[in-house]
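Hello,

I am passing a structure on to you, and I hope you enjoy looking through it.

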Amino acid sequence: MASDQGPAPLVDILVRTEGFLRSKGITSPRLEAELLLAHVLKVQRLQLYLAHDRPMSTAELAELRPLVARRGRREPLSWILGHRGFHAIELVIRPGVLDPRPDTETLVEALLGEVPKDDPGPVYVADIGCGSGAVGLAIAHARPAVRLYAVDLDPNALAVTKENVATLGLTDRVGVLRGDLLDAIPANRPIHWVVSNPPYIPTGEIDGLMPEVSQHEPRRALDGGRDGLDVVRRLVTQASQRARTGLLMEIGHDQAGRAADLLRRAGFVDIRTWDDLQGIARVVGGRIPGRP
């Protein structure tokens, strides 16, 4: 990546970093090299090109090298940078917490389409398996009427969620709860909408996924059992008993039909799907009929 023979211009380090990342199978090596250098230099990406001929100091190179090595081992970039942009918010992301994907923004948009901007509220939303808090906090940020329960079993995930709640200034509208699905929310608390990005990858497929996922991300957040729907089945059953309005879930690329059937059999109506940017049915949801 970089020579030990003395200071090298920033542009040379950028090119070497890009080449190293490409050799490790990174699909966007130039972009990621820019992001890593900008992170170390504490500048915006554009500023790299405004100072492309300035030499990088020994201290800067010493900080950069281990970060590039981590990415070369296919550790998620957001873990290395410590943050991730998601929908209209910036999230703190730490190692051991699921890295939120752009496809998951489909789930946010689906719920926002069901809650008008001028809804007087309160609208109680339960984000089940919240991870970093990405889905629920993006919703709460966009809809002042929302009161959010952010639920997860993993203490590490909940610590990151709490950090994001504080950073986004949402402490007065978000409760962070540890527990198993909707059991974490007291029975006397109202829930209008349940949203979830549950584990939905079939157990046998996880090891074949990209290394960032298969080798690094928490398996509990990925493993949906033999057919990928173990947690989905439990969540649909619980939501049919607790939700006042409806349930929206992210699903795998080939699970829309089976997930919709689970909703139908649990008594949900107005069942529909929402496509991600690739045109794949990424979210399935339904409403509870006639519940006050």
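Two residues are in contact here if they have heavy atoms within 4.5 Å of each other. With that in mind, take the contacts in the chain between residues at least 6 apart in sequence: 65% of these join residues at least 24 apart. Please remember as you read that this is a predicted model.

On to the overall picture. The chain has eleven helices and nine strands. Its radius of gyration is 21 Å, close to the 19 Å that the globule rule gives for 292 residues, so the chain is as compact as a globular protein of that length. Along the principal axes, the C-alpha atoms fill a box of roughly 70 × 40 × 35 Å. Of the 292 residues, 50% are buried.

Now for the pair of helices. Two packed helices are described by the angle between their axes and the distance between the axes. Helix α1 covers residues 10–23 and helix α2 covers residues 29–41; their axes come within 8 Å and cross at roughly 130 degrees. The crossing of α1 past α2 is right-handed.

Which residues make the contact? On the α1 side they include Leu 10, Ile 13, Leu 14 and Leu 21, and on the α2 side Pro 29, Ala 33, Leu 36 and Leu 37 are among them. Sorted by class, this contact has ten nonpolar, five charged and one polar residue.

Best wishes

Key. Residues are numbered from 1 along each chain as its sequence is written. This is a predicted model: local features need pLDDT of at least 70, side-chain atom pairs count only at pLDDT 80 or more; totals for chains, interfaces and linings use all residues. Side-chain values use heavy atoms; hydrogens and water are left out. Axes are lines fitted to C-alpha atoms, for helices over the stretch in contact, and angles run from 0 to 180 degrees between N-to-C directions. Helices (H or I, at least four residues) and strands (E, at least two) are DSSP runs, numbered from the N terminus. A crossing is left-handed if the near helix is turned anticlockwise from the far one by less than a right angle, and right-handed if clockwise. Ala, Val, Leu, Ile, Met, Phe, Trp, Tyr, Cys and Pro count as nonpolar, Asp, Glu, Lys and Arg as charged, and the others, Gly among them, as polar. The radius of gyration is taken over C-alpha atoms; the globule rule is 2.2 Å times the number of residues to the power 0.38. Buried means under 20% relative accessible area, exposed over 50%, partly exposed in between (1.4 Å probe, protein chains only).
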